[in-house]
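Reader: I am new to this structure. Please show me how to read its features, one at a time.

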Amino acid sequence: MAQQPIATLDIIQHFGPHLAYSDGARLDRGLDPDRLVKTHCCFCGQQCGLQLKVKDNEVIGFEPWDEFPFNQGMLCPKGVKRYLQGAHPDRLVSAQERAPHAPGGFAPLAYDAAIERTAAAIHRIQQAHGNGAVGVLSGASLTTEKAYLMGKFARVCLKTPYIDYNGRLCMVSAGVGNKKAFGIDRAANPWSDIIGAEVVWISGANIAECAPITTNYVWQAREQGAKIIVVDPRITPLARTCDLFLPVKPGRDIALFNGILQQMIEHDWLDHAFIAEQTVGFDALAEAVREWTLPRTAEVTGIAERLIRQAAEWWGLAKSSFLMHARGIEHHSHGVQNVLGAINMVLASGRIGRKNCGYATITGQANGQGGREHGQKCDQLPGARDLANPEHRAHVAKVWDVSPDDLPQPGVDAYEMFRKIERGEIRGLLSICFNPLVSLPDSNYVARMLDKLDFYVAIDFFLNDTARHADIVLPGSLQEEDEGVVAQVEGRVIKINKAVDPPGDARQDWKIIQDLAKALGRPHGFTFHNPREIFDELRRASQGGVADYYGITWEKIEQNYGVFWPCPTEDHPGTPRLFERGSHNPIANGAGPFYFPDGKARFHVAPYSPPTEETDAEYPVIFTTGRVVSQFLSGTQTRRIGPLVEQYPEPRVEIHPQLAAQLEINDGDWTTVTSRRGEITLRAQVVKTIRPDTVFVPYHWAGPKSANRVTIAAQDPLSKIPEYKVCAVRVAKAAAPPDYAAQLEPQQ
Amino acid sequence: MPVPADHFFFIDPHRCIGCEACVQACTECDTHKGHSMIHLEYVDRHESPQTFPVVCMHCDSPTCAEVCPADAIKRTDDGVVQSARKPRCIACNNCVLACPFGVPKMHTGMELMMKCDMCYDRSSEGKRPMCATVCPSQALFYGTREQIEQLRPRSRPINEFHFGQQTIHTKVRMMVPRESAVTHLDVMDSMFDADAPPEIDNTDDLMLAGATFKLPVVSQR
């Protein structure tokens, strides 16, 4: 019975999103805080250091933390206003149960009763339909301790194979590509290597809005002579003044990478010694990219030949370089191929594993890196181990004090879990740190699947859009209400410090999970007293794995402003730059710098194929999605922060004036975007900064404003990442404003 | 404590990404909590994502103070032009209209002009102003001339601005491309080779043609 108890508008009226502004103590100019807590922003993978001002168990503001080396006091607007998520009027301070007759559709419930009812429902479903009938959706904004515990909880307590996490929508294409090419899934370099590189190549990454702090690294590189190349269908704020802008047609990145590689081969801009000594597979790749002549590359990518030639020349002749990419090339049904294409360019140049020679994906979520290392992925165990590998199972089972035979086999990705709901195979769902109704593609389908569930329990601090379908909501904790580690974009493990206690009945998430384990009668392995004990077990569970945390301690993190994994022993300094001669590598053991037994990196042929849904006469326009700087992911937090909502209140359809003129759409007109899945009506923003064959909508909003009503649920066959970045739509001027315009506030 | 004499504020518009971290952080400053003193605007969003951040330029001879009938705006000895003093400000709007950079804002509810004071509570204690601390692109930078020279070899700071007949020198520096000259808006600057423009002849004397620039003769009748 996981249907919304009452109409959405009535739930919103009670549970928000409502807007919080500074008031009371937060506006009092003379007020001295009780203390300043050094910690990190709760939002993106940059994990900027900042200090929270605390007064009477309330976060009342922030103070920059100049000494933290990554951001040196810099913050984006989200980091500045993040404190307003605390003491919020929408905050869940008690458990809630579905109650169609209660105002808002939910009624408060005693915490213990909520735990008991949840455990009983899980028990009932598992008894009747097997352990695998209950699934878990987790998230990459959790601390690594919590992410670790979620993986352990699913495998050891629930004994279900079905756990996956929202990193599935985020970094998994990069993860698979990195593992295939390098044998390890981590940014290869610290960000300091950007400054001093001769060429900075940015593909599919709106750095200014999605990783704002990286902007200063890029600009500083240019001050020192770097050429900046940006590949994007839109002139992003960084692209505006970059040295070379390549307006790639969405879904054609691999064609560009192959074309660049072909130019490198034609002009002999290759590092032959590196290719011969430290890589495998170049000849087959060279043969495969032969067809990617300049004219063909230009035709497929929609980029002028002269620009492709120029980019190849700069890249080919550079002595040092840093290539970065993000969701722009990863959110595709060929996301892994795109990533492999980018890596091929890097490997052919030989510019990796040295100062100012770098490669990285820019992680999206707070713990986008750490959250994908320690076992909440459907096929993974702690230490970036494989759930299907008998040796790996044996190591972790020993730490967990269970039999390896009792560990489930690998499950399925987050989207496939919804298909299992459709087939009646998954009937109960527990979610934490995940708002799939906003963040998954084809959200009309996701809503129908939630409705089908026998039982759904959501753990969150606000009643997020998906949790409106829940039978029970357990009140979880904000980032500043708990402590633990996360791994930020560079692979630097840092420490989140607790600033305040959770209010009312709200609990730290790891306590809620342990309370559930106890109520289910399987508390063994879930009796930690604090996150530090979880971390210490995690260290042992990861020991000897690729993502080896054994040598990292909380104290060491604090003393060094973070420690880069792998870090195998307590006297090991950590590994800021991967693939250096002699650096820790338990797989190659001295054979070479890369994480394969022979120490060599792998070239992979990355064939081009078009997006799953090509445009046609009926749906002639390309639809692509992304983010704005003032909002974060599904907006559970940022759509509740007044100053951030005011900055960019509602989603708009970005459309080029030429296409707009053809459709007789003026700036500000209500415009309907329709795909085979659904439609949304938003105001148009007519700008020359987007390709005329493409429209863009940011995805942070829910319901009738949700870009994901339109997107396609096509997935990469290897990484299972959804194809958010390209599908086919029809665009038309709306006859009248949509109903929601009169019913909803901008953020709702 | 005064603001250190060797510290300056630099605006580097080509770096700006329009993220509004400066605007949001400005509202967190203790002296004017809840109000941003920064102007950040798209130049023309239809054409470009270019944005331009403006803080108070802290003029050596501040026009806002010169036109203030109530003597409410003070420039302290360290070169910071302070926000209007509440007991004196009569909310007449003179400063708002007169400032050539368009910086002061009138808060009618409070009957008070408020403007950027370079985070005097912070900068006079040796800290960086809030906006320049958080700015992720460092389009807003606070530091010494040596620092900016070392960090921005492609640019140079200027602090002389021309508005009509008025020339203004400011404490805040604007970064411009190092190699290109300051662009003048008088066509005549580009009409002649010599450093000094020739005399302008507005008579009808043909003998002088060539040696001077001949203005078109307009009938006086």
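Reader: In which loop is A:Q47 found?

Author: A:Q47 is found in the loop between β1 and β2 (49-55) of chain A. Strands here are DSSP runs of E of at least two residues, and helices are DSSP runs of H or I of at least four, numbered from the N terminus. This is a predicted model, in which local features need pLDDT of at least 70, side-chain atom pairs count only at pLDDT 80 or more, and totals for chains, interfaces and linings use all residues. Residues are numbered from 1 along each chain as its sequence is written, while chains are lettered from A and ligands numbered from 1 in the order in which they are written.

Reader: What is the value of phi of A:Q47?

Author: Start with the general idea. Most residues other than glycine have a negative phi, and most peptide bonds are trans. Phi of A:Q47 is near 55°, a positive value in a residue other than glycine.

Reader: Is A:Q47 buried or exposed?

Author: Count neighbours. A residue is buried if 20 or more other C-beta atoms lie within 10 Å of its own, exposed if 12 or fewer, and partly exposed in between, with C-beta atoms placed from the backbone. A:Q47 has 32 C-beta neighbours inside 10 Å, so it counts as buried.

Reader: Where is A:D442, and what is its phi?

Author: A:D442 sits in the loop between α17 (436-439) and α18 (443-452) of chain A. Its phi is positive, about 50°, although A:D442 is not a glycine. With 23 other C-beta atoms within 10 Å, A:D442 is buried.

Reader: Which peptide bonds are cis?

Author: Look at omega. The bond from A:G16 to A:P17 is cis, with omega near 20°. A:P17 lies in the loop between α1 (8-15) and β1 (35-40) of chain A. Another cis peptide bond joins A:W565 and A:P566, with omega about -5°. A:P566 belongs to the loop between β21 and β22 (601-602) of chain A.

Reader: In what order do β1, β2 and β3 of chain A stand in their sheet?

Author: Begin with pairing. Two strands pair if DSSP finds at least two bridges between them. In chain A, three strands form an open sheet in the order β1-β2-β3, with antiparallel pairing. β1 and β3 (58-64) of chain A are at the edges, each with a single partner strand, so one side of each has no neighbour in the sheet. Six bridges join β2(A) to β3(A). One residue pair to find is A:K55 and its bridge partner in β3(A), A:E58.

Reader: What is the order of the sheet that holds β20 of chain A?

Author: The order is β19-β20-β21 (chain A), an open sheet with antiparallel pairing. β19 (484-487) and β21 (563-564) of chain A stand at the edges with a single partner strand each, so one side of each is left without a neighbour in the sheet. Four bridges join β19(A) to β20 (residues 492-496) of chain A. There, A:V486 stands opposite A:I494 in β20(A).

Reader: Which residues touch the most other members of the largest nonpolar core?

Author: In soluble globular proteins, nonpolar side chains tend to be buried together. A nonpolar core is a set of buried Ala, Val, Leu, Ile, Met, Phe, Trp, Tyr and Cys residues joined through C-beta atoms within 7 Å. The largest core has 296 residues, of which A:V200, A:I229, B:C22 and B:C131 touch the most other members. Helix α14 (residues 335-349) of chain A gives the largest share, nine residues.

Reader: What is A:I229 in contact with?

Author: Two residues are in contact if their C-beta atoms, placed from the backbone, lie within 7 Å. Leaving aside neighbours within four places in sequence, the contacts of A:I229 include A:V199, A:C242, A:L246 and A:W314.

Reader: How many residues of chain B are in contact with chain A?

Author: 30 residues of chain B are in contact with 35 residues of chain A. On the chain B side, α1 (21-26) and α5 (130-134) are the elements that give two or more residues. The largest share, three residues, comes from α1(B).

Reader: How many helices and strands does chain A have?

Author: Chain A has 24 helices and 28 strands. Of its 748 residues, 64% count as buried.
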